[in-house]
Amino acid sequence: MKLTLKVWRQASSSVPGQLVTYPMDNISLDMSFLEMLDVLNEQLIKEGKDPIEFDNDCREGICGMCSLVINGIPHGPRTRTATCQLHMREFQD
């Protein structure tokens, strides 16, 4: 799967932020959204860039810490689904 992420990046509250576009390729449909972000972070670290910071704890759909806004919707397109349980098969290329 190919995917284009637009992530709000802001180093601190004292500097302006911006949306940064990250094209992703070869994303497994079986990955969770957070696993896909882990793949992106590994790529960013290899390139010497700062990884994307996001809260997560259990990654089992229990704690609720993995609250991201995805396509303008808190936790993404599936209701009653934590972001860590939201799989990439819910999205299209």
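## Helix 1 and what follows it

Directly after helix 1 comes Gly48, which has a positive phi, near 80 degrees. The model described here is predicted.

Helix 1 has 14 residues, and at 1.5 Å a residue these should span 20 Å. The C-alpha atoms at its ends are 20 Å apart, in agreement with that expectation.

## Confidence

Across the protein chain the mean pLDDT is 89, and 100% of the residues reach at least 70. Strand 2, covering residues 18-24, has the highest confidence, with a mean of 96. The lowest is found in strand 4, residues 73-74, where the mean is 85.

Which residues of helix 1 are buried? They are Phe33, Leu34, Met36, Leu37, Leu40, Asn41 and Leu44. These residues lie on the same side of helix 1, because the arc they cover around the axis is only 150 degrees. Among the elements that cover them are strand 1 (3-9), strand 2 and strand 3 (69-70).

The other side of helix 1 carries the exposed residues Glu42, Ile45 and Lys46.

## The largest nonpolar core

The largest nonpolar core holds 24 residues. Leu5, Phe33, Met36, Leu37 and Met88 are the ones that touch the most other members. Strand 1, strand 2 and helix 1 each contribute at least two residues to this core, and helix 1 contributes the most, with six. In soluble globular proteins, nonpolar side chains tend to be buried together.

Met36 shows some of the contacts in detail. Leaving out residues up to four places away in sequence, Met36 touches Leu3, Leu5, Met24, Ile27, Met31 and Met88.

Asn41 belongs to helix 1, which runs over residues 33-46. Is Asn41 buried or exposed? With a relative accessible area of 9%, Asn41 counts as buried, because the cut-off for buried is under 20%. Apart from neighbours within four places in sequence, Asn41 is in contact with Pro51, Ile52 and Phe54.

Thr83 sits in the segment after strand 4. Thr83 is buried too, with a relative accessible area of 0%. What does Thr83 touch, not counting residues up to four places away in sequence? The residues in contact with Thr83 are Phe33, Leu34, Cys66, Ser67, Leu68, Ile70 and His75. Of these, Phe33 and Leu34 are also listed among the buried residues of helix 1.

Methods
Residues are numbered from 1 along each chain as its sequence is written. Side-chain values use heavy atoms; hydrogens and water are left out. pLDDT is the predictor's confidence in each residue, from 0 to 100. Helices (H or I, at least four residues) and strands (E, at least two) are DSSP runs, numbered from the N terminus. Buried means under 20% relative accessible area, exposed over 50%, partly exposed in between (1.4 Å probe, protein chains only). Contact means heavy atoms within 4.5 Å. The expected span of a helix is 1.5 Å times one less than its number of residues. The arc is that of the directions from the helix axis to the C-beta atoms. A nonpolar core is a set of buried Ala, Val, Leu, Ile, Met, Phe, Trp, Tyr and Cys residues joined through side-chain atoms within 4.5 Å.
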